[in-house]
Amino acid sequence: MVVERRVSEVMTTPVRSVSTTTPLQEAVQLMSEHHVSGLPVLDADGALVGELTEQDLMVRESGFDAGPYVMLLDAVIYLRNPLNWDKEVHQVLGSTVGEVMRKNPHHCDPDLSLPAAAKLLHERSTQRLFVLNDAKQPVGVLTRGDVVRALAGA
């Protein structure tokens with residue numbers, strides 16, 4: 001029965017990962033070769049510090065958009081707050097995973113029940129939860145597809 005199953009029973013292993021210093025092209029190649037839409041980003045101790053997703057790469061490839069503006073007496077007045085541009089500029093110009101990744105990736109415990117994990121995936125509107133051990137190191141990945149496969153096998 002799905003309700004009684006734990007994340008550790010249906011998560012995907014092994015975990016493919018990158019570090020903050022991994023060249024972006026190498027990470028893209030890894031995602032392509034293994035048909036994954038996101039990778040955990042680990043620090044030197046193997047702890048989770050970020051996530052690189054297809055969406056992050058799409059922002060990079062689509063370029064920087066300063067947003068709407070108005071010209072007034074030879075001055076440009078941006079209608080979007082320029083203080084929020086920093087992340088976008090790094091995503092467009094970045095050459096390493098650390099410059100493009102998103103921080104605060106979604107994660108869960110291996111002992112979490114499958115229904116609770118499915119609720120997290122839904123509420124956080126995310127495609128994946130990184131499953132972490134006590135040292136905050138990824139031991140698996142739970143995707144929406146893993147949940148659907150578990151339901152199909154019930």
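K119 forms a salt bridge with E123, and their closest N and O atoms are 3.8 Å apart. Please keep in mind that this is a predicted model.

**Salt bridges**

- Side chains of opposite charge can pair when their charged atoms come close.
- K119 and E123 both belong to helix 6, which covers residues 114-123. The two are four residues apart, about one turn of the helix.
- E123 counts as exposed because its relative accessibility is 51%, and the cut-off is over 50%.
- D146 and R149 also form a salt bridge, with 2.7 Å between the closest N and O atoms. They are three residues apart in helix 7 (residues 144-152), so about one helical turn separates them.
- Are D146 and R149 buried or exposed? D146 is buried, with a relative accessible area of 4%, whereas R149 is exposed, with a relative accessible area of 54%.
- The side chains of R5 and E9 meet in another salt bridge, at 3.7 Å from N to O.
- R5 has a relative accessible area of 26% and is therefore partly exposed. E9 is partly exposed too, at 46% relative accessibility.

- Strand 7 (residues 128-132) and strand 8 (residues 138-143) run antiparallel, and five bridges join them.
- L132 has P138, in strand 8, as its bridge partner.
- How many residues lie between the two strands of this hairpin? There are five residues between strand 7 and strand 8, and K136, in the turn, has a positive phi of about 65 degrees.
- In a regular strand the side chains alternate between the two faces of the sheet.

**A buried threonine in a loop**

- T22 sits in the loop between strand 1 (18-19) and helix 2 (24-34).
- Although T22 is in a loop, its relative accessibility is 9%, so this residue counts as buried, the limit being under 20%.
- Which residues does T22 touch, leaving aside its neighbours within four places in sequence? T22 is in contact with A27, T96 and V97.

**Backbone angles to check**

- Most residues other than glycine have a negative phi, and most peptide bonds are trans.
- A cis peptide bond joins T13 and P14, with omega at about -5 degrees. P14 lies in the loop between helix 1 (7-10) and strand 1.
- H35 is not a glycine, yet has a positive phi of about 55 degrees. Its place is in the loop between helix 2 and strand 2 (38-42).
- H35 is exposed, with a relative accessible area of 73%.
- S125 is another residue other than glycine with a positive phi, near 50 degrees. S125 is found in the loop between helix 6 and strand 7.
- Is S125 buried or exposed? At 61% relative accessibility, S125 counts as exposed.

Definitions and conventions
Residues numbered from 1 in each chain as written. Predicted model: local features only at pLDDT ≥ 70, side-chain atom pairs only at ≥ 80, totals over all residues. Heavy atoms only, no water. Buried < 20%, exposed > 50% of the residue type's maximum accessible area, 1.4 Å probe, protein only. Contact = heavy atoms within 4.5 Å. Pairing = 2+ DSSP bridges. Salt bridge = Lys/Arg side-chain N within 4 Å of Asp/Glu carboxyl O.
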